[in-house]
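Reader: I am new to this structure. Please take me through it in short steps.

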Amino acid sequence: MKAVLMRVQRASVTIDERETRSIGRGFLILLAVTHDDTEAQAVKLADKLTGLRIFEDENGKMNRGLDEVKGELLVVSQFTLYGNCKKGRRPEFLAAARPDVAIPLYEKFVELCRAKGFHTETGEFGAYMQVDSLNDGPLTLVVDTDQL
């Protein structure tokens, strides 16, 4: 699994131009699944991301976690994180898992975040979405379970 995590002051996703879901301070997570990902990787990634201490404390040091700031999560599926631009001018997405593999793992990741007590909003897998965010910092991390 691969995630792009952005620390945000606020974020929202509009789905098919009809429904908007939003969060306040917290993390916008773009999440992608590849073919050989497992539930164990979803657990590892959820633990890692929700446990990061990347909010500033009273001394201006990144020392506070999502739980300490009562942060929220917006998780959006983003298969294009597995895009390969090596050949030609059009990316190929063969490394991205098909929906029958990706959807259950995406949903498991979201379930794990909610089970930790975090208010978690989501996009809609396979839908056209417009994502809006006010990045805080900016602070953006790319996390791949193959490197954890």
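Reader: Which glutamate forms a salt bridge with arginine 18, the closest N and O atoms being 3.5 Å apart?

Author: This is a predicted model, in which local features need pLDDT of at least 70, side-chain atom pairs count only at pLDDT 80 or more, and totals for chains, interfaces and linings use all residues. Residues are numbered from 1 along each chain as its sequence is written, and side-chain values use heavy atoms, with hydrogens and water left out. A salt bridge here is a side-chain nitrogen of Lys or Arg within 4 Å of a carboxyl oxygen of Asp or Glu. At 3.5 Å between the closest N and O atoms, the partner of arginine 18 is glutamate 124.

Reader: How many residues apart are arginine 18 and glutamate 124?

Author: Helices (H or I, at least four residues) and strands (E, at least two) are DSSP runs, numbered from the N terminus. Arginine 18 sits in the loop between strand 1 and strand 2 (19-23). Glutamate 124 sits in the loop between strand 7 (120-122) and strand 8. The pair links distant parts of the chain, 106 residues apart.

Reader: Is arginine 18 buried or exposed?

Author: Buried means under 20% relative accessible area, exposed over 50%, and partly exposed in between (1.4 Å probe, protein chains only). Glutamate 124 has 29% and is partly exposed. Arginine 18 has a relative accessible area of 52%, so this residue counts as exposed.

Reader: Which residues are linked with Arg18 in a network of salt bridges?

Author: Arginine 18 also bridges to glutamate 19, with the closest N and O atoms 3.4 Å apart. Glutamate 19 is partly exposed, at 30% relative accessibility. The network links Arg18 with Asp16, Glu19, Arg21 and Glu124.

Reader: How many residues apart in sequence are aspartate 132 and arginine 10?

Author: The structure holds nine salt bridges. In one of them, aspartate 132 meets arginine 10, with the closest N and O atoms 3.4 Å apart. Aspartate 132 is in strand 8 and arginine 10 in strand 1, so the bridge ties together parts separated by 122 residues.

Reader: What pattern does the protein follow along the sequence?

Author: The protein has two helices and eight strands. Read in sequence order, they give β-β-β-α-β-β-β-α-β-β.

Reader: What is the radius of gyration of the protein?

Author: The C-alpha trace spans about 50 × 35 × 30 Å along its principal axes. The radius of gyration is taken over C-alpha atoms, and the globule rule is 2.2 Å times the number of residues to the power 0.38. That rule gives 15 Å for 148 residues, and the protein is close to it, so it is as compact as a globular protein of that length. Its radius of gyration is 15 Å.

Reader: Which phenylalanine does isoleucine 29 touch, not counting residues up to four places away in sequence?

Author: Contact means heavy atoms within 4.5 Å. Isoleucine 29 touches residues including Ala3, Val4, Leu49 and Val75.

Reader: How far apart are phenylalanine 79 and phenylalanine 93, centre to centre?

Author: Rings of Phe, Tyr and Trp (its six-membered ring) pair if their centres lie within 6.5 Å; planes under 30 degrees apart count as stacked, over 60 as edge-to-face and the rest as tilted. The whole structure has three aromatic pairs. Phenylalanine 79 and phenylalanine 93 are edge-to-face, with 75° between the planes. Centre to centre, they lie at 5.2 Å.

Reader: How many disulfides does a search of the whole structure find?

Author: A disulfide is a pair of cysteine sulfur atoms within 2.5 Å. Cysteine 85 is exposed at 58% relative accessibility. Cysteine 113 is buried, at 0%. The number of disulfides found is zero.
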